Amino acid sequence: MDEIKIIKKDKSITIQPKINIYEVNRKIADENLQKFKENNVISIDIMGAIGAGKTTILEKIVEKIKDRYNVVMIGGDIATTIDTERINRFGIEVYQINAGCHLDAPLIKKTIKNINLADTDIVLVENVGNLICPAEYVLGTDMRVCVVSVTEGPYMVMKHPIIIGHSDIVVINKIEMAELMEVDLEKLQEDVRKINPRTKIVLTSARKGKGIDELITELGFD
Ligand SMILES: Nc1nc2c(ncn2[C@@H]2O[C@H](COP(=O)(O)OP(=O)(O)O)[C@@H](O)[C@H]2O)c(=O)[nH]1
Ligand SMILES: [Mg+2]
């Protein structure tokens, strides 16, 4: 096989901004986390590509926990309110942020000003469907969850090491489709462990509700 030529970004044209936007974001994220903690709110950031199953997973979780906890959902979306409407059907409070390619800590700060955190137990954030931009923008949640689905093919994990590296839990969804998609579930899990040995991995078939109880346990909602 011919050697593959790898073209790297030329460092000489990298712009060094005076303000580190990640640092500014992180400071506000720390304030958000502090606010959540002061009010004993558990907060979760759910990330993943469009179609991975984030909203389906949220629906299944909300259905199971809504009678025990006061849950609020914040949904990030470029154009629609489809996801927040899906969650609002369960009778819980929802907030829609029409954002760009990711949510950020200032947007969460602005949103939580509207929420009565003292009466809230859990805030679930569905980030904008994207595996690249949300990785660098922490929101100030207790945990970050990344959802990948086997219908995205065998390379989604390997090609997105930053978001996998930043995740406390990686959910591999639509596992009933693995054989059909010729995706090796063991290999996918190995890829996750190689990038992030400390992350928890939960296998789900969210549409059928499989693996949701295990995910609820890992999230600490028991
Ligand atoms: N086969 C299968 N489809 C699923 C599963 N979970 C979600 N889906 C479907 O995948 C599509 C995208 O799901 P959605 O939750 O909207 O993804 P999101 O964009 O990540 O929020 C929908 O048609 C869901 O019904 C699953 O476990 N198995
Ligand atoms: Mg969604």
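Ground rules before we start. The model is predicted: local features need pLDDT of at least 70, side-chain atom pairs count only at pLDDT 80 or more, and totals for chains, interfaces and linings use all residues. Residues are numbered from 1 along each chain as its sequence is written, with chains lettered from A and ligands numbered from 1 in the order in which they are written.

Overall picture. The chain has nine helices and seven strands. Both are DSSP runs, numbered from the N terminus: H or I over at least four residues for helices, E over at least two for strands. The radius of gyration, taken over C-alpha atoms, is 18 Å, close to the 17 Å from the globule rule for 222 residues, so the chain is as compact as a globular protein of that length. That rule is 2.2 Å times the number of residues to the power 0.38. The C-alpha trace spans about 60 × 50 × 35 Å along its principal axes. Of the 222 residues, 40% are buried. Buried means 20 or more other C-beta atoms within 10 Å of the residue's own; exposed means 12 or fewer; partly exposed is in between; C-beta atoms are placed from the backbone.

Now the sheet. It is open, has seven strands with parallel pairing, and reads β3-β2-β4-β1-β5-β6-β7. Which strands stand at the edges? They are β3 (93–98) and β7 (200–203); each has a single partner strand, so one side of each is left without a neighbour in the sheet. From one strand to the next, the twist averages 20 degrees. Those angles run from 0 to 180 degrees between N-to-C directions, with axes as lines fitted to C-alpha atoms. Pairing here requires at least two DSSP bridges between two strands.

Zoom in on β2, residues 71–77. Five bridges join β2 to β4 (residues 122–126), running parallel. In that pairing V71 has I122 as its bridge partner, and M73 stands opposite L124. Towards β3 there are six bridges, again parallel. There M73 has V94 as its bridge partner.

How enclosed is β2? Seven of its seven residues are buried, so the strand is largely enclosed by the rest of the structure. In a regular strand the side chains alternate between the two faces of the sheet. In β2, V71, M73, G75 and D77 point one way, and V72, I74 and G76 the other.

Next, ligand 1. Sixteen residues lie around ligand 1, and G53, K54, T55, T56 and R207 come nearest. Near means a C-beta atom, placed from the backbone, within 6 Å. Helix α2 (residues 54–65) gives the most to this shell, with three residues. By class, the shell has four nonpolar, eight polar and four charged residues. Nonpolar covers Ala, Val, Leu, Ile, Met, Phe, Trp, Tyr, Cys and Pro; charged covers Asp, Glu, Lys and Arg; the others, Gly among them, are polar.

Most residues other than glycine have a negative phi. N40 has a positive phi, near 55 degrees. N40 sits in the loop between α1 (21–38) and β1 (42–48). With 10 C-beta neighbours inside 10 Å, N40 is exposed. E182 also has a positive phi, about 55 degrees. Its loop lies between α7 (178–181) and α8 (185–195). E182 is exposed too, with 9 other C-beta atoms within 10 Å.
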